[in-house]
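Please look over the helix packing in this model. My notes are below.

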Amino acid sequence: MAKVESFTLDHTKVLAPYVRSIGTEKGPQGDIISNFDLRLIQPNVSAIPTAGIHTIEHLLASLLRDRLPGVIDCSPFGCRTGFHLIMWGEPTAHDVAVALKASLEEIVSSIEWSDVQGTTAVSCGNYVDHSLFSAKEVSKHVLEKGISDDPFSRHVV
């Protein structure tokens, strides 16, 4: 089996919330794709409730695209402690952390239910499992702790 970098990370040594560059891959045409770990919750300590992480996912899908060129996908980790962010090019962890912070600030300060895309049976595979309240509470918690652009030391942006 192929080795997956994320499974070699010592999850007991990281200090969430943080943004971490997992790595880059070069395509056959020379295009670079970057993979980031957007860790909102300390691994093995807590997890984001399913409805909350689902709503954050739907919001980050657009909010990060508003702030970062080249976003391909932002998908939640199965452990519910954060997200993978896949992008074209090679942005820095700092740039991604700044965009994540601004996105979470917008969730807390001005997002209303009508702003959440993909909340109907037509547009979402589990449309009843959303919670804007939970998304706002998790976002507040992350912002209170501060988002670091280093997974092993607290270099808050």
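The points below cover the basis of the model, then the helix contacts.

1. The model is predicted: local features need pLDDT of at least 70, side-chain atom pairs count only at pLDDT 80 or more, and totals for chains, interfaces and linings use all residues. Residues are numbered from 1 along each chain as its sequence is written, and side-chain values use heavy atoms, leaving out hydrogens and water.

2. Take H1 (residues 50–67) and H2 (residues 93–109) to begin with: their axes come within 9 Å and cross at roughly 125°. Helices are DSSP runs of H or I, at least four residues. Axes are lines fitted to C-alpha atoms over the stretch in contact, with angles from 0 to 180 degrees between N-to-C directions.

3. H1 contributes Leu59, Leu60, Leu63, Leu64 and Arg67 to this contact, and H2 contributes Ala99, Leu100, Ala102, Ser103, Glu106 and Ile107. Contact means heavy atoms within 4.5 Å.

4. H1 and H3 pack at about 80°, with axes 7 Å apart. That makes H1 roughly perpendicular to H3. Gly52, Thr55, Ile56 and Leu59 of H1 meet Leu132, Ser134, Ala135 and Val138 of H3.

5. Which residues of H3 are buried? They are Leu132, Ser134, Ala135, Lys136, Val138, Ser139 and Val142 (buried: under 20% relative accessible area, 1.4 Å probe, protein chains only). The buried residues of H3 pack against H1 and H2.

6. Gly146 follows H3, and its phi is positive, near 90°.

Key
Helix = DSSP H or I, 4+ residues; strand = E, 2+ residues; numbered from the N terminus. Buried < 20%, exposed > 50% of the residue type's maximum accessible area, 1.4 Å probe, protein only. Parallel < 35°, antiparallel > 145°, perpendicular 65-115°, else oblique.
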